[in-house]
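Colleague: I am new to this structure. Could you go through the labels attached to it and the rules behind them?

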Amino acid sequence: MSKTLIVGEIQKGGLREATLELVAMARGLGGDVVSLVLGSGVSGLAEDLAKKGGGKVLCADDAALENYTADAYASVIRKAIEAESPDLVLFSNTPSGWDVAPKVAAGIDAGIVTDVIRIEKDGDELVFVRRMFNAKFDSQLRVTGSPKLATVQPGALEAYSGSEGGSVEAFDAGSPQSRTTFVETRTAASGGHDLSKAEIIVSGGRGLQKPENFEEVLKPLVEALGAQMGASRPVVDAGWLPHEYQVGSSGQVVTPKLYIAIGISGAIQHLVGMKGSNYIVAINKDADAPIFEVADVGIVADLFDIVPALAAAIGSAKG
Ligand SMILES: Cc1cc2nc3c(=O)[nH]c(=O)nc-3n(C[C@H](O)[C@H](O)[C@H](O)COP(=O)(O)OP(=O)(O)OC[C@H]3O[C@@H](n4cnc5c(N)ncnc54)[C@H](O)[C@@H]3O)c2cc1C
């Protein structure tokens, strides 16, 4: 019988949705499910996870874990691995997940696969699946040795919605020391571009080719629709638009009535930020772009032809 250990994550005082996605993955693989919740004053969250399919939940409640540091968290996770001997350890592919998971793997000399979207079974062997080449191909990886560690892309699967009763066990974290000292948490200042309340979002991606095209090609459509402008990550990384425009796993999660994705391929990290939109329109010249998998209406066309025509048509219809 195999065993999976889930490393739970807390965000803004609650369990991260991504943790429940790990529960879904672990349960889909079968075998025993054990979870670990780390922090200070987290027994309520451990109870919550136990009720949401987390199985036996180890609760490492220790004042030394109040603020995340990779050193301290890694040492407790290693202790839990030692105590439970899991075959597979799952982390979310979030900033703290991708920070701590390799540290844990290096500490116990285990193999790790990051940014996984799926784990399949081939007999008794686990096959880790990742996306590559702008989500056009899947790569499959096998890992030798045990345990095997993986970070899983948030949004790659639905959160577990079952309610098997689990149990909570206190886990002695042993007041771990850290060579890193927590100083403070700073919330990024918002520049007033709040996509979370927008009813219509028109987002542009790398397909727009250069920053001027956001002003010259995208903005007329944004204005004709009374929408807000959004963007994919490469646009923000290139400095064409500020981070508050970014939609996706490392940007904002949005749920407008209408989301129009223009020149965006539909990588999973983008989809996780917008697939909850009520109605999705995608414009892309590549008929195989993954964005079309979530679109209600897909337009296969050159954006430089269609977007100005659309803006003009909407503008003249409005008079
Ligand atoms: C940890 C991590 C976090 C990430 N977080 C995010 C995130 O929050 N948000 C996010 O968006 N990405 C995120 N990414 C990046 C993500 O993996 C993709 O690289 C990114 O979403 C791709 O952006 P894009 O679709 O604009 O560019 P591309 O993938 O390059 O796609 C451009 C698209 O434009 C189309 N196109 C080109 N020219 C035209 C034309 N003339 N007319 C019509 N279509 C055209 C192409 O066919 C293509 O599909 C993250 C990645 C990692 C590893």
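Predicted model: local features only at pLDDT ≥ 70, side-chain atom pairs only at ≥ 80, totals over all residues.

Modeller: Residues are numbered from 1 along each chain as its sequence is written, and side-chain values use heavy atoms, with hydrogens and water left out.

Colleague: How many helices and strands are there in the protein, and what makes a run a helix or a strand?

Modeller: The protein has eight helices and 16 strands.

Colleague: How do you know what radius of gyration a compact globule would have?

Modeller: The rule is 2.2 Å times the number of residues to the power 0.38, and the radius is taken over C-alpha atoms. For 319 residues a compact globule would come near 20 Å; the protein has 22 Å, so the value agrees. The C-alpha atoms fill a box of roughly 70 × 45 × 35 Å along the principal axes.

Colleague: Why is Tyr73 called buried?

Modeller: Buried means under 20% relative accessible area, exposed over 50%, and partly exposed in between, with a 1.4 Å probe and protein chains only. Tyr73 has 12% relative accessibility, so Tyr73 counts as buried. Tyr68, at 29%, is therefore partly exposed. Of the 319 residues in the protein, 47% are buried.

Colleague: What makes Tyr68 and Tyr73 an aromatic pair, and which kind is it?

Modeller: Rings of Phe, Tyr and Trp (its six-membered ring) pair if their centres lie within 6.5 Å; planes under 30 degrees apart are stacked, over 60 edge-to-face, and the rest tilted. By this rule there are two aromatic pairs. One of them is Tyr68 with Tyr73, at 5.0 Å centre to centre and 70 degrees between the planes, and it is edge-to-face.

Colleague: What is the phi of Asp109, and why is Asp109 called exposed?

Modeller: Phi of Asp109 is near 60 degrees, a positive value in a residue other than glycine. Asp109 sits in the loop between helix H4 (95-108) and strand S7 (111-122). Its relative accessible area is 73%, so Asp109 is exposed.

Colleague: Where is Asp115, and what makes Asp115 partly exposed?

Modeller: Asp115 is in strand S7. Asp115 also has a positive phi, about 60 degrees, although it is not a glycine. With a relative accessible area of 22%, Asp115 is therefore partly exposed.

Methods. Helix = DSSP H or I, 4+ residues; strand = E, 2+ residues; numbered from the N terminus.
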